[in-house]
Amino acid sequence: MTQQTPSDLAFTHAPIGLVILENRIIKSANALFAEVFGGTPDSYVDSPLEALYPSREDYERIGARGLEAMRSTGRYADERVMRRRDGTLFWCRVRGQSLTPDAPFKRGVWSFADLSQERPLVALTTREREVAILTCRGLTSKEIGRELGLSYRTIEVYRARLQEKFRARKLAELVAKLSGMPL
């Protein structure tokens, strides 16, 4: 049996799900990542990250947003809905650090934290999910509208739907529920 280095031990037993990605393909996964998504760490080697997204559209849209951010800072972070191997959807906090700044997706370290306990999943459309995520980032309706190419009035309609679905009376209450903050 080969003795693990402290770095190997830290990666393998980190208290958060970790993966090494190359061009959005999983090259290594730790134990908690496999526990969160299902399977074993070895079962993810050479698997496309796309399989863990709710849809191909989500994979492409979030990837484009992440790539843009990583080109300027080398880092990306968001909270999004992901798919476990058994098909169930859940909220996940995702953080990434590129190891190749000139080509951000070429190689990087990413963390995945299951937010299921703090943020139960409510059935949302793709657009509602986008508006919810951007609302949690503190963007105004006008800012969200600009980012999504929609009018601020349309964003207000989506926010009203979200408030109804989450049984929130005010925007602040909706943000608290979306972000998993105790009320």
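This report describes the sheet, the helices, the aromatic pairs and the charged pairs of a predicted model.

## The sheet

Six strands make up an open sheet in the order β3-β2-β1-β6-β5-β4, and their pairing is antiparallel. Its edge strands are β3 (47-48) and β4, each of which pairs on one side only. Strands of a sheet pair through backbone hydrogen bonds, in either a parallel or an antiparallel arrangement. Between strand β2 (residues 25-29) and β3 the pairing is antiparallel and runs over two bridges.

## Val94 in strand β5

Val94 belongs to strand β5, which spans residues 89-98. With a relative accessible area of 0%, Val94 is buried, because the limit for that class is under 20%. Leaving aside residues up to four places away in sequence, Val94 touches Tyr76, Ala77, Asp78, Arg80, Trp110, Ser111 and Phe112. A further relation in space concerns Leu18: its C-alpha lies 9.8 Å from that of Val94, although the two residues are 76 apart in sequence.

Two of the residues that Val94 touches, Asp78 and Arg80, also form a salt bridge with each other, with the closest N and O atoms 2.9 Å apart. Both Asp78 and Arg80 are buried.

## Helices α4 and α7

Helix α4 covers residues 126-136 and is mostly covered, eight of its 11 residues being buried. These buried residues are Glu128, Arg129, Glu130, Val131, Ala132, Ile133, Leu134 and Thr135. The elements that cover them include α3 (56-73), β4 (75-83), β5, α5 (141-148), α6 (152-165) and α7 (171-179). Just after α4, Gly138 adopts a positive phi of about 90 degrees.

Helix α7 contributes Glu173, Leu174, Ala176 and Leu178 as its buried residues, and these pack against α4 and α6. Arg129 and Glu130, both buried residues of α4, take part in a network of salt bridges together with Asp58, Arg61 and Arg127.

## Aromatic pairs and charges over rings

The count of aromatic pairs comes to six. Phe33 and Phe37 form a tilted pair, with 4.6 Å from centre to centre and 35 degrees between the planes. Because these residues are four apart in helix α2 (residues 31-37), about one helical turn separates them. Both Phe33 and Phe37 are buried.

Phe37 also pairs with Phe112 in an edge-to-face arrangement, at 5.8 Å centre to centre and with 85 degrees between the planes. Phe37 lies in helix α2 and Phe112 in strand β6 (residues 108-114), so this pair ties together parts that are 75 residues apart in sequence. Phe37 counts as buried at 1% relative accessibility, and Phe112 likewise counts as buried at 1%. One aromatic cluster comprises Phe33, Phe37, Tyr44, Phe90 and Phe112.

Tyr44, a member of that cluster, has Arg85 over its face, 3.9 Å from the ring centre. At another ring, that of Tyr59, the charged end of Arg24 sits 3.8 Å from the centre.

## Salt bridges

Side chains of opposite charge can pair when their charged atoms come close. The model has 15 salt bridges by count. The table gives three of them.

| Salt bridge | N to O distance |
|---|---|
| Lys27 and Asp46 | 2.6 Å |
| Asp78 and Arg80 | 2.9 Å |
| Glu173 and Arg169 | 3.3 Å |

The bridge between Lys27 and Asp46 links distant parts of the chain: Lys27 is in strand β2 and Asp46 in the loop between α2 and β3, 19 residues apart. Lys27 has a relative accessible area of 33% and is therefore partly exposed. Asp46, at 48%, is also partly exposed.

Glu173 counts as buried at 17% relative accessibility, whereas Arg169 is exposed at 72%. Glu173 is also one of the buried residues of α7, so its value falls under the 20% limit for that class.

How values were computed:
Residues are numbered from 1 along each chain as its sequence is written. This is a predicted model: local features need pLDDT of at least 70, side-chain atom pairs count only at pLDDT 80 or more; totals for chains, interfaces and linings use all residues. Side-chain values use heavy atoms; hydrogens and water are left out. Buried means under 20% relative accessible area, exposed over 50%, partly exposed in between (1.4 Å probe, protein chains only). Contact means heavy atoms within 4.5 Å. Rings of Phe, Tyr and Trp (its six-membered ring) pair if their centres lie within 6.5 Å; planes under 30 degrees apart count as stacked, over 60 as edge-to-face and the rest as tilted. A charge sits over a ring if NZ of Lys or CZ of Arg is within 6 Å of the ring centre and within 35 degrees of the ring normal. Two strands pair if DSSP finds at least two bridges between them. A salt bridge is a side-chain nitrogen of Lys or Arg within 4 Å of a carboxyl oxygen of Asp or Glu.
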